[in-house]
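Please study the sequence and the structure before reading the solutions.

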Amino acid sequence: MQYFKLILLLSFMLFTNAAFSQPKNIFEVAVEVNDQIITNYEISQRILMLQTFGAKNISKNDVINSLIDERLFSYSGNELEVLPNESDVEIGLDNFAKRGNLNKPELLKYLASKNIDEDTLRAYVEAGLTRRKVIQKKFINNIDISQRDVDSAYDLDEILSKNKSNEIEYISLTFSNPLKYDKQLKIFNKIRSNVDNCLDLQSKKNKFDDINLKIHKEKENNLSSYVFDKLNSLDINETTVSKDLNGNINLMMLCSRNSKIDKNTQEIIRNKIFNNKITKISNRYLQELKGEAFITIK
């Protein structure tokens, strides 16, 4: 059951208060959340299940708050029409059992031996599925993770940073024979509005005989502060037009940054960023739901 211990430690953030005695009126309503209720029986069953899975020093208030959160996400899931169906719950139960190296009948039998009702586990699994479906429905398509996000996270990771190359590849365009500033700016803006990536930029350059194109591959710490500041503000395949320190106008496009980060590492970083964003969004949304809800604790 070590896996279940880990799940519960993560899910409930190590409940801090002392254990408590079972309520006298076990079937009475303990909390009302909008048009839904939480009974003393449900609270005591959830506590018993968590204790069975290895959680210690469980706080009744934390359990109540968790059940309130679940009711709020259930209310939202109903409005969004994304509540999990019976098949979803059955699959969720199977997966939950497998993570503990059990099958579903074995898990349910084990819980029954501890006087824990099957519906207690079902409600727990269904609540997790509901929360996930609500967040996916409302926010999943709005979460964007840019290459800049990945690079920044990579820079902040001390273990990864020790091995990174910090190689940057970019393209610069300059005029062979300087024209008036407004004319140069007009031409560069026309070019940048018609290119999507570095290869595209190279092909478009050929239309202008008086423009020099140079491809740079340099270590980040070898860049001038001017070039570094400009490139650091760009995502991959973004461009910037500005005057350099000599007063010459130029166009730069960032082609790659930290190009030697392997794909698996990038995927790990992206997943970490995604999970962090999802957690923050979920918590903010939960606070919104609480602000709009009618919650009465008996």
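A residue is buried under 20% relative accessible area, exposed over 50% and partly exposed in between (1.4 Å probe, protein chains only). This is a predicted model, in which local features need pLDDT of at least 70, side-chain atom pairs count only at pLDDT 80 or more, and totals for chains, interfaces and linings use all residues. Residues are numbered from 1 along each chain as its sequence is written, and side-chain values use heavy atoms, leaving out hydrogens and water.

**Exercise 1.** Determine whether Glu32 and Lys298 are buried, partly exposed or exposed, and describe their salt bridge.

Solution. Step 1: Glu32 has a relative accessible area of 31% and is therefore partly exposed. Step 2: Lys298 reaches 61% relative accessibility, so this residue counts as exposed. Step 3: a salt bridge requires a side-chain nitrogen of Lys or Arg within 4 Å of a carboxyl oxygen of Asp or Glu; in the pair of Glu32 and Lys298 the closest N and O atoms are 3.2 Å apart.

**Exercise 2.** Describe the salt bridge between Arg122 and Glu90.

Solution. Step 1: the N to O distance between the side chains of Arg122 and Glu90 is 2.7 Å. Step 2: Arg122 lies in helix α6 and Glu90 in helix α4, so the bridge ties together parts that are 32 residues apart in sequence. Helices here are DSSP runs (H or I, at least four residues), numbered from the N terminus. Step 3: Arg122 has a relative accessible area of 16% and is therefore buried. Step 4: salt bridges with shared partners join Glu86, Glu90, Lys104, Glu118 and Arg122 into one network.

Note on methods:
Helices (H or I, at least four residues) and strands (E, at least two) are DSSP runs, numbered from the N terminus.
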